[in-house]
Amino acid sequence: MVADQEEDFSSLPLPDRFTHKVWKVRKEGYEDAAKAFQATPDESDPAFRPFVLDSGLWKGAVADSNVAAQQEGINALCAFLKYGGVQACTRSRNVTIAPLVEKGLSSTRAATKQSALEALLLYIELDKSEPIINDLLQCLDNKQPKIIAATLAALTAIFHAYGIKIVDPKPVLKALPKVFGHADKNVRAEASNLAVAEGSDEDVVLE
């Protein structure tokens, strides 16, 4: 048993470590992937290829069942986006937004929440906001108030970061009445914060 615990998994390919049954192996795999992405000279480097071809690896990483591993998984995704460029963004966003919200933004770990928000901001910075906003708006239908509140807080942060010239506020404005009427006070409070963030441009609010 001791020998198994001390076994060195670092020689395994990173994708295999991402899906390993032992959480410590996954965690170290995420950490090593982040380092590998940071060391690349450009986004065409072969280090990105397995993770561009199999975006499902990121779905597992950002929703890892172990909270310590999950934090490193989201950090690895941020490094993937920072250094992997547009291809990293467009090939992974369809599987990562919902788990980033449900497992990342709603985490009790402040660092995990911050990294999840950073990933969302990177997705918008690298390409366009519409796919991200659409996925976030779908999360407002979640049955858990804490996830709805976390989604609204993320939308507020996105408008603060990019403004209404980059992020179209109209789809979000349409969703506000429903959350303003929510039974949970935290949801209503976050809805008010979001309305204030969007309402900095009177023309948009009055339209």
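## The bend in H9

Helix H9 (145–166) bends by about 70° at histidine 160. The bend at a residue is the angle between axes fitted to the seven residues ending there and the seven starting there. Helices here are DSSP runs of H or I with at least four residues, numbered from the N terminus. This is a predicted model, in which local features need pLDDT of at least 70 and side-chain atom pairs count only at pLDDT 80 or more, while totals for chains, interfaces and linings use all residues. Residues are numbered from 1 along each chain as its sequence is written, and side-chain values use heavy atoms, with hydrogens and water left out.

Which residues of H9 are buried? They are Ile147, Ile148, Ala149, Ala150, Thr151, Leu152, Ala154, Leu155, Thr156, Ile158, Phe159 and Ile164. Buried means under 20% relative accessible area, with exposed over 50% and partly exposed in between (1.4 Å probe, protein chains only).

Helix H6 covers residues 67–105. A straight helix of 39 residues would span 57 Å at 1.5 Å a residue, but H6 spans only 13 Å between its end C-alpha atoms. The expected span is 1.5 Å times one less than the number of residues. H6 has a kink of about 135°, centred on glycine 85.

Isoleucine 74 lies in H6 and is buried, at a relative accessible area of 0%. Its C-alpha is 19 Å from that of threonine 40, 34 residues away in sequence. Alanine 76 is also in H6, buried with a relative accessible area of 0%. Between the C-alpha atoms of alanine 76 and proline 13 there are 15 Å, across 63 residues of chain.

## The N-terminal cap

What caps the N-terminal end of H6? Asparagine 66 does: a side-chain oxygen lies 3.0 Å from the backbone nitrogen of alanine 68. A polar atom of the asparagine 66 side chain also lies 2.9 Å from the backbone nitrogen of alanine 69. A polar contact is a pair of N or O atoms within 3.5 Å; within protein, one must be able to donate a hydrogen and the other to accept it, and residues adjacent in sequence count only if both atoms are side-chain atoms.

Asparagine 66 sits in the loop between helix H5 (56–62) and H6. It is buried, with a relative accessible area of 18%.

## The largest pocket

The largest pocket holds about 280 Å³ of space. A pocket is an open set of points on a 1 Å grid over the protein atoms alone, where a 1.4 Å probe fits, with protein on both sides within 12 Å along at least five of seven lines; lining residues have an atom within 4 Å of a point. Grid points are joined across faces, edges and corners, and the volume is the space filled by probe spheres set on the points.

The lining has 16 residues, with Leu105, Lys113, Ala149, Ala150 and Ala153 nearest the centre. H7 (110–126), H9 and H11 (185–198) each supply at least two lining residues. H9 gives the largest share, seven residues. By class, the lining has eight nonpolar, four polar and four charged residues. Nonpolar covers Ala, Val, Leu, Ile, Met, Phe, Trp, Tyr, Cys and Pro; charged covers Asp, Glu, Lys and Arg; the others, Gly among them, are polar.

Leucine 176 is in helix H10 (residues 170–180). It is buried, at a relative accessible area of 5%. Leucine 176 and leucine 152 are 24 residues apart in sequence and 9.5 Å apart, C-alpha to C-alpha.

Valine 187 belongs to H11 and is buried, with a relative accessible area of 0%. Its C-alpha lies 6.4 Å from that of proline 145, 42 residues away in sequence.
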